[in-house]
Amino acid sequence: FYIVERNPTVIDVREQFPILDIGETLEICAEFGVRHQYKKGFPEPFTLDFLITENTEDGIRYRAASIKTPEDAINPAVRRRLAVENRWCAKRGISWTLVDTRRFTDTVLRNLLFIRGWFRHRLQPNERTSQRYAQRFLGTYRRNVPLAELITATCKELRMQPDTGADTFRYCAWRSMIPVSLEHPVSLERPLVMQHVHSGC
């Protein structure tokens, strides 16, 4: 969810979206030899893990994502049910993706929670200020220097309060203005690892 939420083109994310076209899913199940789930004698709707609405250059587009572990993804019964979801989406021009969860490590989750802190702390981001901050931070950045020191140096140059500077860093990282590596731990006490090497680093 956090990875999708970071995408600036995403305007809505619906989790466990129910496919209420029961008649059609019953037909697709019969076609694929899949047993439709029932509850108390009535067909239970299939659900899409994510139905994502995006604002693209071609207008509003929808895409679906199924989130499964590698073990579930190779389970024949699960794959047949996923085929039903895929077919239903294809008939409506909705792209459908099976998401590989192996990259969703505890480190990635902790990092996303850390940089999303700007939202929890109720920062009201200003895009112009954020761009200036990101540019100054990247010019200040050095390897093997704790993140807190980098933020302090950036705040000093911009005459910004430390708390605001820390949350502005989080916002810039969230929006990928500062390309933080999510595979390495991110905290104020640790040196920051970037996705790419910037000049002057």
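How many helices and strands are there in the protein? In this predicted model, the protein contains nine helices and six strands. Its radius of gyration is 22 Å, well over the 17 Å that the globule rule gives for 201 residues, so the protein is more spread out than a compact globule. The C-alpha trace spans about 65 × 35 × 30 Å along its principal axes.

Of the 201 residues in the protein, 38% are buried. The accessible surface amounts to about 12,300 Å², and carbon and sulfur atoms account for 50% of this area. When contacts between residues at least 6 apart in sequence are considered, 68% of them join residues at least 24 apart.

Threonine 53 illustrates a buried position. This residue is located in strand β4, which comprises residues 46-56. Its relative accessible area is 6%, and because buried means under 20%, threonine 53 is classed as buried. The side chain of threonine 53 forms a polar contact of 3.5 Å with the side chain of arginine 14. Apart from neighbours within four places in sequence, the residues in contact with threonine 53 are Thr9, Val10, Ile11, Asp12, Arg14, Ile60, Arg61 and Tyr62.

Phenylalanine 104 provides a second example. This residue lies in the loop that runs between β6 (95-100) and α5 (106-115). With a relative accessible area of 35%, phenylalanine 104 is partly exposed, as this category covers values between the 20% limit for buried residues and the 50% limit for exposed ones. Together with Ile3 and Ile67, Phe104 makes a nonpolar surface patch of about 210 Å².

Terms used. Residues are numbered from 1 along each chain as its sequence is written. This is a predicted model: local features need pLDDT of at least 70, side-chain atom pairs count only at pLDDT 80 or more; totals for chains, interfaces and linings use all residues. Side-chain values use heavy atoms; hydrogens and water are left out. Patches are made of residues with over 30% relative accessible area and no salt bridge: like charges are joined within 9 Å, nonpolar side chains (Val, Leu, Ile, Met, Phe, Trp, Tyr) within 5 Å. Accessible areas come from the Shrake-Rupley method with a 1.4 Å probe; for residues, only the protein chains shown count as cover. A salt bridge is a side-chain nitrogen of Lys or Arg within 4 Å of a carboxyl oxygen of Asp or Glu. Helices (H or I, at least four residues) and strands (E, at least two) are DSSP runs, numbered from the N terminus. Buried means under 20% relative accessible area, exposed over 50%, partly exposed in between (1.4 Å probe, protein chains only). A polar contact is a pair of N or O atoms within 3.5 Å; within protein, one must be able to donate a hydrogen and the other to accept it, and residues adjacent in sequence count only if both atoms are side-chain atoms. Contact means heavy atoms within 4.5 Å. The radius of gyration is taken over C-alpha atoms; the globule rule is 2.2 Å times the number of residues to the power 0.38.
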